[in-house]
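The paragraphs below go through them in turn.

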Amino acid sequence: MNTDNDYARWFGRLVLLGVAANICVALPTLLHPNVILDALKLPPVLDSPIWPSWAALLVLLLSAFCVPAAFDPERYRVNAYLAVVSRFASAWFFLGRATEYSLFGYVDLAFAVASGALLALYVATEGRGMPIGPRRGGEHAELEV
């Protein structure tokens, strides 16, 4: 984990906590979707539980892409930004769909705001923008936040 900066360290811890939360919900949902939906007081999918299982698999795969950013947000800068953006997108989706799924939206919104703030503070305290991609000659474009 990037230990040079306190904000990067806390960003990494928060991202890993979010990944752990995703795994705790998604792995059981992948295996037994209706049991988990019932436990969360959500309507079960009686005829074909393949769709909640598929969504759980996608959450697990998305979480895997967040892990590198947790350990080095500067090296895996795209993953770091997408870890925050994907939480906001998930919150927007669940809070805008139906009130019965709003718990997922509020959890993702909390992770998005906290991890976004920590990432922004990390970028700000480095004294320069995080590079967003290579340019010719190995130089990087700078993203100022």
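Phe93, Phe94 and Phe104 form one aromatic cluster. The model is predicted: local features need pLDDT of at least 70 and side-chain atom pairs count only at pLDDT 80 or more, while totals for chains, interfaces and linings use all residues. Residues are numbered from 1 along each chain as its sequence is written, and side-chain values use heavy atoms, with hydrogens and water left out.

Rings of Phe, Tyr and Trp (its six-membered ring) pair if their centres lie within 6.5 Å; planes under 30 degrees apart count as stacked, over 60 as edge-to-face and the rest as tilted. By this rule there are two aromatic pairs. Phe93 and Phe94 make an edge-to-face pair, because their planes stand at 80°, with the ring centres 5.2 Å apart. Phe94 also pairs with Phe104, and this pair is tilted, at 5.3 Å centre to centre and 50° between the planes. The pair links distant parts of the chain: Phe94 is in helix α4 (residues 77-97) and Phe104 in helix α5 (residues 102-125), 10 residues apart. Helices here are DSSP runs (H or I, at least four residues), numbered from the N terminus.

Relative accessible area is judged with a 1.4 Å probe on protein chains only: under 20% is buried, over 50% exposed, and in between partly exposed. Phe93, at 38%, counts as partly exposed. Phe94 is partly exposed at 21%, and Phe104 is partly exposed at 25%.

Two arginines also meet rings. A charge sits over a ring if NZ of Lys or CZ of Arg is within 6 Å of the ring centre and within 35 degrees of the ring normal. The charged end of Arg13 sits over the ring of Trp10, 4.5 Å from its centre. Arg87 lies over the face of Phe111, 4.7 Å from the ring centre.

Technical notes. Helices (H or I, at least four residues) and strands (E, at least two) are DSSP runs, numbered from the N terminus.
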